[in-house]
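Hi,

Here is the structure I promised to pass on to you.

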Amino acid sequence: MRRMLPPRATAFLSLLLQLFGFIPSVAQRWIESKENPDWLLQQSDDNDYTAQVVENVCWDDGLCGLELTNGLLTRRWTLHQQPAFGTVDLLTTPTAQHHPRRQRPVSLLRALEPEATLELQKKIPILSLSFSGTTAETTARNLRAESDHKLPDDHVDQDDDDDDNTVTISLTCRVGDLMHDNGGFRAYLNRTQLRDQLYAIPLRNHDKNNNATDSLEFIVGDDDEELPLCVYRYVTHRVVPRIQVDFDWQPGTRHSIPTAHWPPRGVGLEIEFQVLDWGAATATTTTQNQELWSADEIPSITLHYEMYDGIPAMAKWLSRTSAASGGSTAGKTITVESRESLGNPDDPIEFLHDDDEETVLLKDAVVERIASYPPYGAYFGHGSAAPYSFYNGESGGGVSQPPPLLLALTNQKNGMASCRWKDDFASSNDTSNDPETVHDMGASEPLLYCNYTHGPYIQLQDDENDGTFASFKTILLATDSTDPERYSLQKQRLIQTLLPHTTENPIFFHAIVHNDTQFRNIVDQMQQVGFEMLIYSFGSSFVLESDNTTYIETIKSQIDYAKARGIEVGGYDLICLQRGHGGYGDPIPDEWSTVRDDGSLTPDACYASDWVDNLHGYIYHFLEATGLSNLELDGPYGGGTCSATNHSHHRGREDSVYQQNRLQSELILKLRNKGVYVNAPDFYFFQGQNRGVMGYDEEQYSMPRWEQLTISRMGLYDDLYRFLPTQGWMFLPLSEYHAGGDAATFQNHPQELEWAVAQYLGAGTAAAYRGERVYDESTETGQKIKAVFQKWIGFYNRHRQVLIQPVVHLQRPTMQGWDGWFHVHPAGDVDVGLALIFNPTNRHFEQEAVVLPLYYTGLKDSAQVVVNEVGERPRAPYKDHLHRDHSIAVVLDMAPKSIHTIVVKRTDET
């Protein structure tokens with residue numbers, strides 16, 4: 001890992017070199033070569049930012065411990081008063097050209113947080129319940145109502161789904177026993193005092209200094225905050241030298257980036273935790289919870305961290321190390337102190353529960369909590385205004401602000417998990433200790449909170465989920481600029497690093513096929529023009545969910561015919577959405593439909609019912625029997641709940657989201673391991689999905705062609721801020737889609753078709769070219785269409801590795817001038833940039849200067865430029881020198897409705 005020069009040394013060396021005759025620009029370039037380079041310009045085999053675990057390291061604030069770092073992002077844990085454990089710093093080192101702290105680490109923390117929290121839950125069947133002046137039923141309800149005040153860190157609920165003699169209790173467990181005694185003040189972190197303010201949560205019957213005491217009471221600071229009862233303590237850690245992945249994949253597959261690394265390069269760190277005792281708490285809390293929970297019921301866990309080479313990114317998740325042993329408090333008489341609202345405050349509540357096994361569930365897990373500050377966290381202003389705000393009544397009021405620089409996401413979406421910034425203002429105590437008269441009104445206190453959005457409500461015994469459990473992953477990316485182009489490029493580099501399979505980019509055709517002859521004709525035409533994959537489209541006679549031997553043999557013969565001509569074959573199937581009661585898809589039995597809370601059925605299938613077993617059986621058999629190598633899974637599970645209690649793979653509403661998500665992910669993961677290319681209009685990329693849908697509306701493809709083209713290019717331009725070009729698909733109706741007739745279709749209109757093919761292939765984005773044939777061989781128009789496909793697919797193949805790279809946006813489509821984008825590929829051997837420029841107007845723009853920003857190509861001095869390789873008026877290649885801002889200006893003569901290409905290549909000087 002390269003070490004940077006201190007700023008004073010940099011300035012001194014620059015002056016010294018100039019005194020010895022070096023011109024300022026040469027001196028500056030020499031200095032830059034000794035500094036940490038911009039990580040966005042690094043090539044795949046550069047090792048300037050190699051991830052590593054550093055043990056027994058001490059830092060400037062006097063703390064010592066463990067460090068996970070790659071020089072761009074650093075996370076530090078202390079073992080202060082071992083075995084106390086907790087994150088004490090998270091730092092990023094910006095490399096953006098004009099960042100005010102370029103090359104210098106920046107701490108992202110304003111307060112310390114637990115490593116994670118788990119909320120456990122179990123149901124206690126009650127045999128007898130007595131309380132003076134109340135009935136058992138009333139007491140249980142009151143227990144539920146009063147639980148938040150009665151049992152700190154615990155909740156007592158009556159289970160509405162069971163009988164009146166069942167009580168549900170919850171226990172919140174903190175992971176990590178490091179505490180910060182700063183009076184609860186969280187507006188900022190004073191590192192000069194930090195070391196003296198840290199301490200470990202003491203063991204039971206010990207005081208703050210871990211000295212034995214007869215008192216069970218222990219209060220933190222001046223705010224009477226009670227210490228958590230259930231504490232996971234550090235046990236051990238180990239370094240994992242190789243990043244662990246869930247599926248096999250080979251770089252270069254289907255023209256993906258050949259230099260990608262899989263698994264990603266980096267290092268892992270695993271830290272084991274265990275609940276060693278019940279910790280310290282007030283006497284009341286200890287008495288209550290010691291009776292309600294057994295330590296044997298709490299599983300051991302492992303926190304997993306990964307950091308990747310060459311990018312300021314890391315991942316984190318938790319897994320169960322050992323299952324709960326199933327110990328319980330059955331058979332005990334439990335006494336819970338009463339509250340005035342429950343009856344006579346001097347009398348206890350007593351209930352005796354039976355010997356049935358108590359099932360411990362994981363109700364929720366907060367996998368990541370980071371207390372940060374703007375601009376790394378979201379801006380929550382209290383007494384101060386957010387950046388970019390002006391006065392009341394301004395036009396920008398209520399619109400989105402620049403995003404937080406600390407980007408956080410999860411690998412499981414679809415109603416299951418999320419990372420979001422919460423306003424932490426209320427939890428920070430200032431000197432007034434009164435929420436109505438707080439003194440830290442000028443502070444902005446965002447808290448990153450990554451947890452399950454519903455569930456999981458899974459059992460922690462060995463008999464569920466094959467005895468294993470791993471949470472969702474959180475992924476952090478420390479960006480260093482709110483500039484939309486740099487921010488977008490950093491996000492997309494993260495995708496290229498963690499999800500390189502999404503750069504597979506077969507050129508596919510959505511074929512409406514009804515018979516063998518039609519299939520073979522389409523395959524022959526696809527081979528003629530360069531298509532690489534045929535997908536049996538919706539509206540075809542294709543049926544994936546079939547076990548008819550004759551039909552399967554027919555499909556196999558068709559696939560064999562296509563494979564012999566270099567064409568892969570895939571198929572479309574609607575699998576969950578609208579497959580249930582009254583849905584427009586092929587209906588399944590009602591008992592497999594999703595059930596609403598009121599018991600009524602929805603139009604969707606439940607993906608944790610017997611339907612999933614039938615569906616997966618059909619899919620795996622069909623793939624094995626036919627050789628199908630692509631699936632377009634429309635309507636996958638999207639995040640809804642199911643309240644059925646008789647479905648085979650979930651118990652009820654509580655665990656329905658987790659189990660449906662798990663089973664949908666399992667299908668896509670297995671398909672990925674079989675090498676199947678997966679299209680799906682949802683977010684299962686981390687499970688192996690290749691391509692999702694760009695942000696279009698299906699109805700726009702019923703608009704007249706030129707309107708359709710412009711609207712689609714507008715959406716595509718915007719989507720390329722968040723997607724890799726190869727990560728999504730667009731649509732092109734050769735035949736009529738929803739409506740619009742001939743005015744909306746492209747099969748007989750070569751000029752508009754050329755625009756469509758150029759804008760989609762020129763963006764590196766696949767379109768679902770959908771029709772009953774590729775072109776009409778018998779007409780002159782058909783031959784023109786054939787030539788259009790050959791021209792642009794040929795161009796795409798020659799420049800494929802730069803066209804699948806992210807873009808720098810040049811000018812958004814407005815129909816009032818030219819528009820376009822510029823692909824950048826700093827790791828390219830020859831092609832390092834490629835621009836597509838469109839003039840959709842009826843105006844002629846003569847001698848129009850298009851400025852190309854070449855910084856992100858990695859070029860420093862000069863570039864070779866090739867203009868209109870396939871467009872009108874091609875020009876001979878020429879060499880141009882970069883301006884001081886790393887740009888060049890390319891002058892174009894833009895005729896009305898013209899398309900222009902600009903290819904930027906390396907020269908010997910670069």
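C642 counts as buried, since its relative accessibility is 0%. Please keep in mind that this is a predicted model. The cysteine sulfur closest to that of C642 belongs to C606, and at 3.8 Å it is too far away for a bond, because a disulfide requires two cysteine sulfurs within 2.5 Å.

Now to the bonded cysteines. How many disulfides does the structure hold? There are three, and with the bonded cysteines numbered in sequence order, they pair as 1-2, 3-4, 5-6.

C58 and C64 make up one of them, with 1.9 Å between their sulfur atoms. The torsion about this S-S bond is 100°, and the link is right-handed. As for accessibility, C58 is exposed at a relative accessible area of 53%, while C64 is partly exposed at 34%.

Another disulfide connects C173 with C230, and here the sulfurs lie 2.1 Å apart. Its S-S torsion is about 90°, so this disulfide is right-handed. The bond links distant parts of the chain, 57 residues apart: C173 sits in strand β8 (residues 166-175) and C230 in strand β13 (residues 230-240). Are these two cysteines buried or exposed? Both C173 and C230 are buried.

That leaves the disulfide between C419 and C450, with an S to S distance of 2.1 Å. The link of C419 and C450 is right-handed as well, with 115° about the S-S bond. Since C419 belongs to strand β21 (residues 417-423) and C450 to strand β22 (residues 446-452), the pair ties together parts that are 31 residues apart in sequence. C419 has a relative accessible area of 19%, and so it is buried; the cut-off for buried is under 20%. C450 is buried as well, with a relative accessibility of 0%.

After that, you could turn to the pair C58 and C64, where C58 is exposed and C64 partly exposed.

Happy exploring, and do write back with any questions!

Best wishes

Terms used:
Residues are numbered from 1 along each chain as its sequence is written. This is a predicted model: local features need pLDDT of at least 70, side-chain atom pairs count only at pLDDT 80 or more; totals for chains, interfaces and linings use all residues. Side-chain values use heavy atoms; hydrogens and water are left out. Buried means under 20% relative accessible area, exposed over 50%, partly exposed in between (1.4 Å probe, protein chains only). Helices (H or I, at least four residues) and strands (E, at least two) are DSSP runs, numbered from the N terminus.
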